[in-house]
Amino acid sequence: MTARFVKTQKEMEGRYEDVWALVDESDDTESWAPDAELALVGRPAPRQDGAARVAGRVRFTVDVTLAGMLHAAVLRSPAAHGRVRSLDLEAALATPGVRGVIGPESELSLTTRSPLLATEPAYAGEAIAVVAADTLEAARAGVAALALDLEVLPHLVDMQEGLNEQRFTKDPTDDARGDAEAALAAAEVTVELSLDTPAQLQTPLEPHAAVATWDGDLLTAWVSTQGMFTARDDLAMAFGLRTSDVRVLTQYVGGGFGGKQGCGFEALAAAELSRVTGRPVRLVNDRHGEQLDGGRRAATRQSVRLGAKRDGTITAIDADAVVAMGQGGWIFPVLIPARTLYRCADVRALTFPVKTNLRPQNAFRAPGVMEGTAAFEQAIDELALALDMDPLELRRTNHADVDQVSGSPYSSKQLLACYDLAAELAGWATRDELREPQPDGLLRGMGCASQIWWGGGGPPSHATVRLDAEGNATVITGIQDIGTGTLTSAQIVAAEELGLPLSHVRVVGGDTAPNVYGPVAGGSQTTPSVMPAVRSAAAKVRKTLLQLAGDVFEIAVDDLEIRDGRIRSSDGAIDAEVTEVTEKLGDATIDGSGSRGPNPDGFVVHTFGCQIAQVAVDAALGEVKVERIVAVHDVGRIVNPLAASSQVEGGVLQGMAFALTEELIVDPTTGVPVNAHLDDYKIPTIADVPEIIIDYPHVPDANLPTTGTKGLGEPPIIPTAAAIANAFAHATGRRAAALPLTRDRVLETLA
Amino acid sequence: MEITLDVNGQTYSVVPEGRRLLAVLRDDLELLGTKLACGEGACGACAVLVDGRPVNACLLLAEAAEGHEIVTIEGLSTGRASAVQEAFVAEDALQCGFCTPGQIVSATALLERVPQPTREQIHEAMAGNLCRCGAYPKIERAILRAAGGG
C-alpha cells in the first residue's frame, strides 16, 4: 500500500466539511464499465441473514440478556416546561429490587461530569431520572416512588407565536443569489403557495435501546443505533475513555429512519447506571417514551412565490420556511429544493428556526428536503396551472444542467430520463381522462413531483476480506444494517470481485471491535461509501489468489481468471475449483484491505428522481385513496434490485403517510403531545398500500469511484407527498393549506 | 401463584404475578423471538398463536393463557423453514425484521384458516401487524407465494 493523505470534502445530508482522506495510491481498481457484464451485481439476491430473521433467531438490542442484568425505567416530564421541586431518590432506592437511581443532580460520574438529566425539563417526555432494578416491574415501581413534584412553567409550542416573539434556536438564514424581489416584480406570471407540514415521528418498532456493561475500565455497549462508531466515540468522550476501550455492538437494528444517531441518551444512562451499580443494565424506551422523545421531523410553515415568463421559464424563486425546531438540533435544509431543483438566477430562501417546547428535532429520512419538496413542488404545479402548461413539461423546461448554488457540473444526472420513464409507466399522456365522471363517483387525478438529494458517499470507509483454505471469504465491514440490506449488497460486490458464488461469501458488521470503519447508516451514503471499499479489498485478495494459482498451475497470472468459484486459463487448459489453490493455505488466510477513495474534485454529487401519483377522492367522506405511485430514481448502478425495490416501497409508504395520516398533535393549552402512542399516531397498514411501480434509468455514475453507485435510502420518500398533493389538486381543483390530508381537512378544503 | 403454560408443545410452570403473557415468554422462558414494540395491542409485533389464532401477547394476562396451546415464532421454526418463512426470504418481505416474527405468526394463522387467500383477505388478516419499514407489498406477495398462487 502506498499511503497518502488527500484533502477532500465529506458530505452528510447536505453539510460539507473538509477532511483528510487516507488514500491507497497503489489501488488500481478500475470502475466497472457502464455496460460491463457482471455476474451478480444488478441481479436480485435475498438477504444473507433472511433465514435467521424469519425464524425469530436474530437478537436486537432489546433482546440482549446478560447474567445479573438490571432493567431501567425512565421518569419523564409530564409537562412541556417545568422545574423539579422535589424528587424522592431515597424512596426509589428503598423500593424492593431497585439497585440504582440517577436523578437531575447526577452527573456522568467519570471525568466529564456532564449533566445527563433535566432539573428544568423543557419538553414533555424529557428524562428527569432513571431507575435500575432487578426487574422492569421493580424499576417502574421505583419511578413511581420518586413522587415527582414539578412546578409547571409557561410553554410555547405554536411556531407562529415563536416567530412573532423572535424565539430562535439559531439566527435565521438568508440564502440568496441574484435579486429575487426585482425578478418577481418583473415576472410575466407569478404564483404564491403556502403550506403547513406536520411533525412526523420516525416510530421505529424497536425503540431506542441500549445495554451496557463494564469490565474494569472497558465498556461494552449494545446500542440500537445507525452509527455504532459515532456511538463508540460518544461514549468514549462522555466517560473519558480511549475509543479502543469502548466496544459497541449493533448487529440488528429494528428501524431507525434517521432518528438513531450516535449513542443516545439511552446508552449514556445505561452505562452510567451500570458503573454505579456494578451490574449490566438494559434501558429500553417504552412506546410512549419513544414517541415523545425518540425524535421527529419538525413541523414547518412554508410559503413560496414563483415568477416566470409566459413560455414557462422560471425567473424568480422566493421561499421561506418557519421550522418548529423544539429545543434545538440541526437545522435541516428545507429550502434546498427551492434553491437547487430548477435553473434560476434570482433566488431568495429564508429559514426561521423557531424554538419551541418540544424535543430537539432530529433526522427523519430526507430531513428538511422532504418537507421542503412537499411545498415547493406544489408551487411548481400551481405555476403550470397559471401558465396552462403540462406540469412535467414545465419541469423539463426548467431543468438545471449544473448545480445552481456552486455552478459546478453534476457527477451524473438522469432526471430527464426519470421524467420520461415515469410518464410512460403512469400513462401521464392521458391523465386528464381521469377527471371525467367515474362510475364509482370518486374524483380521480394524477400528479407528479421531482426529487433531488445528495447520496454520493465518500471516505472514510474501509473493508477487509479474508479467504480461507476451504475457499470461503469473510468480509469484515463497519456496516450496521438497519434493514436496508447493505450487508447483502457487500456480499454481492465481494462475490463479484472474487469470482465466488454468493454462498461462499459471508459479510459481518455491527461490531466496532475489529475497528474496520463504516459510515453512519444515514444520508444515503452507506452503499456508495462502502461498496468501493469492499471491492478494493476483494480485488486485492483476488490478485493474491491468482498469483498463488499461477504458482500452483505454473502459468502466467495474466492468463487466469476466476468465475463462479473456478479458476480458468484463457486457453481452456486449466479449469479448476478455487479450492485446488486455497487448500494449500492450511491455517493461513489470504487477506486484503480496501478503502473508499475520495470523490473527484469539481463535481457535485446528487441523486434525482420523479414520482407520479394517482389518487381517488371521496368528496362526500373526505377520504383520499392513493391508487398508484410510479417511482423512478436515478441512483446510478443498482447492486441488488430486490433490496432496492424494498427501499423504494418503504420510502413511498412513509411519504404517503406524511401526506395522508401522520401528524404529531400537540395540545396548545398544555404543550403536551396527545397522540404519542401507536394506536392514535397513524402509520400505514398493509391495507393502505397502493400499487407501487418502480424503475431506474440504470446509468452508473461514471465519476464516482469504482462501483458507480449512489444512495437510495432518502430519495424515494422525498417526492411522494408532493405528487399526492398535486394529484389531489388535479382531481378536485383545490389545494389544502396543510398536510396531512385527513378527512376533516379534505372536507374543509372541498367545502 | 404458580400456573402451567403449554408453549410450543412443552409444559412450563411459571409465576405470572399479574404480568402479561409477553413478559412471561420473554423474561421467564427466554423466548425472545416474540417482540415488544408498543405494549398496547396496536402493532402485532408480539403476535403468538393461542389455540391456532393470532393473539397480541402484550394484552393477554399470562394467567388467561393457562389451559391453552401457545405457539411462538420459535415453535414455528423447529425444523425446516415453513413455506411462509421461505416465501418471506425469497420475496424480501422484511427490512429491519423487527416485526417479522409477528408477521410470520399472523400469516401462518391466515393460511391455516384460508389456504388460498385473496388480497382482501390478506389485508384484513394482516392489518394488525404494523411494519414501519413498509415491507407490505412484499409481505402480500410472500403470502400469495406461500399459498401457491404467487
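How many bridges join strand β3 of chain A to strand β6 of chain A? Select residues 70-76 (β3) and 127-133 (β6) of chain A: 6 bridges join the two strands, which run antiparallel. Strands (E, at least two residues) and helices (H or I, at least four) are DSSP runs numbered from the N terminus, and two strands pair if DSSP finds at least two bridges between them. Within this pair, A:Ala72 stands opposite A:Ala132 in β6(A).

The model is predicted: local features need pLDDT of at least 70, side-chain atom pairs count only at pLDDT 80 or more, and totals for chains, interfaces and linings use all residues. Residues are numbered from 1 along each chain as its sequence is written, while chains are lettered from A and ligands numbered from 1 in the order in which they are written.

Next, show the whole sheet. In chain A, 7 strands form an open sheet with mixed pairing, in the order β5-β6-β3-β13-β10-β11-β12. Its edge strands are β5 (98-102) and β12 (246-249) of chain A, each pairing on one side only.

Helix α6 (228-239) of chain A lies across β11 (218-223) and β12 of chain A.

Finally, bring in chain B. The contact takes 42 residues from chain A and 41 residues from chain B. On the side of chain A that touches chain B, α1 (50-54) and α16 (641-660) of chain A each supply at least two residues; α16(A) gives the most, with 7 residues.

Key
Two residues are in contact if their C-beta atoms, placed from the backbone, lie within 7 Å. Axes are lines fitted to C-alpha atoms, for helices over the stretch in contact, and angles run from 0 to 180 degrees between N-to-C directions.
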